[in-house]
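This briefing is meant for a reader who is meeting the structure for the first time. Please keep the sequence and the model in view while reading the points below.

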Amino acid sequence: MTRIAFIGLGVMGSPMSINAVRAGHRVVGYNRTPSRAAALVDAGGRAADSIADAVADADIVATVLPDSPDVEKALTAPDGVFAHAAPGTVVVDFSTIQPDVARRMAQFADDGGQAFLDAPVSGGEEGAINGDLSIMVGGSDEAFTKAAPLFDAVGSTIVHVGPSGSGQLVKAANQLIVAANIEALAEAIVFLEAHDVETTKAVRVLSGGLAGSAVLDHKAQRMIDRDFHPGGRIDLHHKDLGIVASAARDAGLALPISSLVATLMASARANGDGGLDHSALFRGVERLSGRLDD
């Protein structure tokens, strides 16, 4: 049994912490909004009053937070993880953040005798609930091995992709691919509906050919039903595409599709869709085509 602390019990962190309990680990969770810990407590975990309380005797600390500043504050503040976790603790950041921030956090951890892994995930809320997330991990071999009990509890495809920061770079590539696929799917469905094709049948046959993808399987029916209850929110995907743009600029790369989908994601936010699932890029295609019925 591994002692695991979760910092951040939102859409992703809550089901991930519950799966860690179900895998037989002792799990403590902390969230700034205490009520978010209720599901973990119901599953057999414990709610902590503070980060210090959560990490005091943890073997592994998992952070699942929205953005780079949130991670930096939770880890490096005087009341944060690095100040209160014991030497030898492995800190696993499941958040999607800037690669340079991940590298900086790894150095902080090393200076304190701890270890840090950047381990962003793909699979959304459904993957978090089902425990079959794809996890791309950056950091040392030793820390990766120590964190295996946690990874096995929350993921199904777990790959150590390289040194610190590498996990975030792979996640950035993932978010670029996903955004481009969502936009292409949205355009295809608007196209089919405009020609009065029965879209559910069309999606079924498309899924069996080269156009088939996880995005098509998980997002097409949402678009057809206009069900944009948030799993992966547009606000967060917009942030992720900013990470792509920054890393591409640092490498001197021109990524035209990335720039286009980032613009479309920004447009969705500007039109009030930031809190919706990223499949709501569909609304942007309808809006541009004069077909959006609010």
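Does F151 count as buried or exposed? In this model, which is a predicted one, F151 has a relative accessibility of 1% and therefore counts as buried, since the limit for that class is under 20%.

**Aromatic rings**

- Across the whole structure, a search finds 4 aromatic pairs, and one of them is formed by F82 and F108, which are stacked with 6.3 Å from centre to centre and 10° between the planes.
- Because F82 belongs to helix α5 (residues 81-84) and F108 to helix α6 (residues 99-111), this pair ties together parts that are 26 residues apart in sequence.
- The rings of F144 and F151 form a tilted pair, because their planes stand at 35° while their centres are 5.7 Å apart.
- Of these two residues, F144 is partly exposed with a relative accessible area of 21%, while F151 is the buried residue of the opening question, at 1%.
- F144 and F151 also belong to a cluster, in which ring pairs link them with F94.

**Strands**

- Strand β4 (residues 60-63) sends the side chains of I60 and A62 one way and those of V61 and T63 the other way, and all of these residues are buried.
- Strand β1 (residues 3-7) runs parallel to β4 and is joined to it by 4 bridges, with I7 having T63 in β4 as its bridge partner.
- β4 also pairs in the parallel sense with strand β5 (residues 90-93), over 4 bridges, and here A62 stands opposite V92 of β5.

- N174, which lies in helix α10 (residues 166-194), counts as buried at 19% relative accessibility.
- Its side chain makes a polar contact with the side chain of S122, at a distance of 3.3 Å.

**Salt bridges**

- A search of the whole structure finds 14 salt bridges, among them the one between D59 and R3, whose closest N and O atoms are 2.8 Å apart.
- This pair links distant parts of the chain, since D59 sits in the loop between α3 (51-55) and β4 while R3 sits in strand β1, 56 residues apart.
- D59 is partly exposed with a relative accessible area of 28%, and R3 is likewise partly exposed, at 32% relative accessibility.
- K239 and D240 meet through their side chains in a salt bridge of 2.9 Å, taken from N to O, and both of these residues are buried.
- D273 forms a salt bridge with R287, where the closest N and O atoms are 3.2 Å apart.
- D273 is buried, with a relative accessible area of 3%, whereas R287 is partly exposed, at 24% relative accessibility.
- Salt bridges with shared partners also join E193, R226 and E286 into one network.

Technical notes: Residues numbered from 1 in each chain as written. Predicted model: local features only at pLDDT ≥ 70, side-chain atom pairs only at ≥ 80, totals over all residues. Heavy atoms only, no water. Phe/Tyr/Trp six-rings, centres within 6.5 Å; stacked < 30°, edge-to-face > 60°. Helix = DSSP H or I, 4+ residues; strand = E, 2+ residues; numbered from the N terminus. Buried < 20%, exposed > 50% of the residue type's maximum accessible area, 1.4 Å probe, protein only. Pairing = 2+ DSSP bridges. Polar contact = N/O pair within 3.5 Å; in protein donor to acceptor, adjacent residues only side chain to side chain. Salt bridge = Lys/Arg side-chain N within 4 Å of Asp/Glu carboxyl O.
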